[in-house]
Amino acid sequence: MSRIQESVIIRTVVRIMVPFIELFALYVIMHGSSGPGGGFQGGVIFGAAIILYAMIYGIAEGKKKMSDALDKILASTGLTIYAGTGLLCLFFGGMFLQYGAVPLLPDNPAKVAALLIDLVEIGIGTTVAAVMISLFFDVSPPESEEGELPGYEGVD
Amino acid sequence: MAGFEIITNNLPVFAVVVPLIAGFLTPIVGWIDRRLPWYWVMLAMFVVLLITLSNLVTVINSGTIHYKLGGWDPPFGIEYVIDLLNGFVCLIIAFIGFMVSIYSVESVKKEVPGKTTQFYSVFLLLITGLMGMTITGDIFNFYVFLEISSLTAYALIAMGDRGDGVVASFNYLIMGTVAASFILLGIGYLYAVTGTLNMADMQNLLPSIYESKVVLAALAFFMAGFSIKVGLFPLHAWLPDAYTHAPSTASALIAGLMTKVGVYAMIRFMFCVFTPAFVIDVNMTEILTWAAALAIIVGSVLAIAQSDIKRMLAYSSISQIGYILLGFGLVNVIGITGGLLHIMNHALMKCALFLVAGAVFYKTDIRNIYQFQGLGKKMPVTTTVFLIAALSMIGVPGTVGFTSKWYLALGSIVADQWIFVAVILVSSLLNIVYFWRIFDNIWFGHPHEIENIKRDEAPLTMLIPMVILAILCVYFGFFSGYPIEHIFEPLAKTLLGLGGVP
C-alpha cells in the first residue's frame with residue numbers, strides 16, 4: 001500500500017474532479033458527430049482523468065483502477081468496434097464505412113449514419129484513452145519497495 | 001451466394017482492414033496464450049496474401065479496380081485504386097510479410113524476449129501502413145498511412161540491440177519526420193493550388209498550372225522527402241544503423257519492404273500525380289539518375305568496408321535502391337521495366353540475405369563476417385541460401401539479379417547513356433568483392449579448425465521461408481517471361497505513355 005505524499009486538499013480536489021472530467025470526456029466523444037470534439041479528443045480527456053488520479057495517488061493506486069490487462073483489452077476492443085462498424089456496412093451490401101447502407105431506420109439513412117458515427121467515435125475514444133494511459137504507465141519510473149516514486153522521500 | 005459476394009466485392013479494402021484488425025487483436029490473442037500470436041500473424045498474413053493475389057489477378061484480367069470508401073464519389077471521398085503497379089507491389093508486401101512471419105517465431109523469442117506479443121502487433125500494423133500507402137488513391141490518406149508505417153518501423157527498430165537500437169530508431173525518427181514533413185508540405189502545396197486530394201483528379205488539373213512555382217516546389221518537396229525515405233545516397237545516413245540494430249526479423253521486413261514502398265510512392269507521384277513529360281522537363285529524372293548512379297557506386301564501396309554482416313547488407317541496400325531509381329530515371333520502357341523488375345528481385349534477395357544473417361545470429365551469436373569460418377559445414381542449407389541470394393545480388397546469369405541488371409544496362413544503352421552501363425558493371429564487380437569475403441570465410445577456413453565443427457542447422461521454421469525465397473530467386477532468373485510480359489512491360493508503357501492512374 002502506497003504512502004500518500006500529496007496534501008489533503010489536492011487529494012480531495014482530484015477525487016471530486018475525476019468523475020466530472022470523465023463525464024466531460026464522454027460528452028466530447030458523443031458530441032463528435034454533430035459539433036467540435038470527437039473520439040480522439042474525448043479519449044485524451046478520459047485518459048487524462050486516470051493519469052491525474054495516478055499522479056496524485058501513486059502509480060500503484062492508478063494501476064488498481066486501470067490494470068495493464070484491462071488497458072490492453074480496451075485498446076483492442078476500441079479499434080475492433082471501429083473496424084466492426086465498417087464491416088457491418090459491408091455486411092449490408094454497402095462499401096466500407098458506408099453507414100447509410102445499414103437498414104436500421106429504413107426511412108432515415110442520415111440518422112443511421114449519425115448513430116454509427118457515434119459508435120465509431122466511442123471505439124476511437126476507448127482506444128485513445130487506453131493507449132494514453134498505457135503510455136503514461138510505460139514511461140513512469142518503476143515503483144520502489146513502498147510503492148512510492150523513488151526520490152520522493154525527502155519531499156514534503 | 002450473398003456472403004461470398006460481400007467478400008469478393010470488398011477485397012481492396014480487406015487488404016488494409018484485415019492486418020489492421022488482426023494487429024489490434026494480437027494483444028488479446030497473446031493474453032490468452034503467449035504462443036498464439038505467431039500462429040495468429042501467420043494466419044493474418046496468409047489471408048492478406050490470398051487477398052492481394054486475388055486483387056492482382058482481377059487487375060490483370062479485367063483492368064483497374066476502383067473502390068470508394070464510405071460510398072463517397074472519388075474527388076470528394078477517399079478512393080482505393082488498384083492497378084498493375086500497386087497490385088504487384090501489394091503482392092510483394094504480402095508475400096515477404098508472410099515469409100518473414102513464418103520465419104519469425106524462434107528469432108523473435110531470442111531477440112525480443114518477453115515482448116513477442118507487442119512485436120507481432122506492431123508487425124501487423126507495419127503491414128497495414130505499407131498496404132495502405134500502396135493501395136490508396138488519395139494523397140492525404142497516403143500521408144496518414146506513411147505515418148503509420150513509419151511509426152511502427154521506429155518501434156520495431158527500437159526493440160533491437162539494447163541501447164543501439166533505441167539510438168538508431170531515434171535517428172531514423174528524426175530523419176523520417178523531416179521526410180514526412182517535406183511530403184506533407186508538398187501535399188499542402190498541391191492541395192492549395194488544385195483543391196483536390198485525389199491522385200487521378202489532381203493529374204487532370206495540374207497540367208494547366210505547370211508553370212506555377214508552387215507546383216515545382218511541391219515536386220521538389222516530394223522528391224526530397226521520398227529520397228530520405230528510400231535512403232538515396234546523400235540522404236542515407238539513418239539507414240545503416242536502423243537496419244543493423246533492429247531485431248533480425250524486423251531488419252528483413254524493413255529492408256525488404258519499407259524502401260520498396262518508398263520507391264513505389266516516388267514513382268506514383270512522379271508519373272501518376274505529375275506527368276512524365278513535366279518531370280523530364282524540369283530535369284528531375286536526370287538529377288535522379290545521377291544521384292542513383294552515385295548511390296550505386298558509393299553504396300557498394302562502403303559495403304566493402306563493413307565487417308558486420310547486417311551493416312554490410314544495409315549499405316548494399318543503398319546501392320540496390322540506386323539500381324531501381326536508375327531504371328526509373330532513364331524514363332524509357334526498358335529501363336522502367338528493369339526498375340520494376342528490380343523492386344521485386346531486390347525484395348526477394350535482400351529479404352533472403354537478412355533472414356540468413358538472422359539465422360546465423362540465432363545459432364552462433366556471430367555477426368562479424370570474419371568469424372564465419374566453417375559455417376558452410378555447420379549450417380549447409382542456410383549458407384547455400386546465402387550463396388544463391390548473394391550470386392543473385394551480384395547478377396550471375398540464371399538468377400533474378402541478372403535479369404534486372406540486363407534490362408537496366410539495355411535501358412541505359414537505349415537512352416544513349418553508356419556511362420551508366422559502366423556504373424552497373426563496376427558495381428557488379430564491387431558486389432563480387434564484398435560477397436567474396438564472406439564466401440571465403442564460410443567455405444574456406446583453416447582445415448584443422450573446420451574438422452571439429454558439427455552440423456547444427458537452423459530450425460525448420462527458419463529454413464522453409466529462406467529456401468522458398470532462394471528457389472524463387474532462381475525460378476524468376478530462368479522464367480521471368482510471364483511477369484515481364486504481363487505485368488512489367490505493359491506497366492512501363494502505361495507509366496510512360498498514358499502516364500495516369502488508368
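Of the 156 residues of chain A, 35% count as buried, where buried means that 20 or more other C-beta atoms lie within 10 Å of the residue's own, exposed means 12 or fewer, and partly exposed lies in between, with C-beta atoms placed from the backbone. The model is predicted, so local features need pLDDT of at least 70 and side-chain atom pairs count only at pLDDT 80 or more, while totals for chains, interfaces and linings use all residues. Residues are numbered from 1 along each chain as its sequence is written, and chains are lettered from A and ligands numbered from 1 in the order in which they are written.

The secondary structure of chain A comes to five helices and zero strands; helices (H or I, at least four residues) and strands (E, at least two) are DSSP runs, numbered from the N terminus. The order of elements from the N terminus on is α-α-α-α-α. Among the contacts in chain A with a separation of 6 or more, 65% are between residues 24 or more positions apart. Two residues are in contact if their C-beta atoms, placed from the backbone, lie within 7 Å.

Chain A also touches chain B, in a contact that takes 16 residues from chain A and 15 residues from chain B. The chain A side of it has 10 nonpolar, five polar and one charged residues. In this classification Ala, Val, Leu, Ile, Met, Phe, Trp, Tyr, Cys and Pro count as nonpolar, Asp, Glu, Lys and Arg as charged, and the others, Gly among them, as polar.

In chain B, helix H7 covers residues 164-194. Its 31 residues should span 45 Å at 1.5 Å a residue, and its end C-alpha atoms are 44 Å apart, which agrees. The expected span is 1.5 Å times one less than the number of residues. Just after H7(B), Gly195(B) takes a positive phi of about 75 degrees.

Further along chain B, Val331(B) sits in the loop between H14 and H15. Val331(B) has a positive phi of about 40 degrees although it is not a glycine, and it counts as buried because it has 23 C-beta neighbours inside 10 Å. Asp365(B), in the loop between H15 and helix H16 (375-378), is not a glycine either and has a positive phi of about 65 degrees. Asp365(B) counts as exposed, because it has 9 C-beta neighbours inside 10 Å.

Two packed helices are described by the angle between their axes and the distance between the axes. The axes of H17(B) and H21(B) come within 9 Å and cross at roughly 35 degrees. Axes are lines fitted to C-alpha atoms, for helices over the stretch in contact, and angles run from 0 to 180 degrees between N-to-C directions. On the H17(B) side the contact includes Val381(B), Val385(B) and Ile388(B), and on the H21(B) side it includes Leu463(B), Met466(B) and Val467(B). By class, this contact has 10 nonpolar, three polar and no charged residues.

Helix H18 of chain B (residues 400-414) has 15 residues and reaches 21 Å from its first C-alpha to its last, close to the 21 Å expected. Its buried residues include Val400(B), Lys405(B), Tyr407(B) and Leu408(B). Among the elements that cover the buried residues of H18(B) are H17 (380-394) and H21 (460-478) of chain B. Just after H18(B), Asp416(B) takes a positive phi of about 65 degrees.
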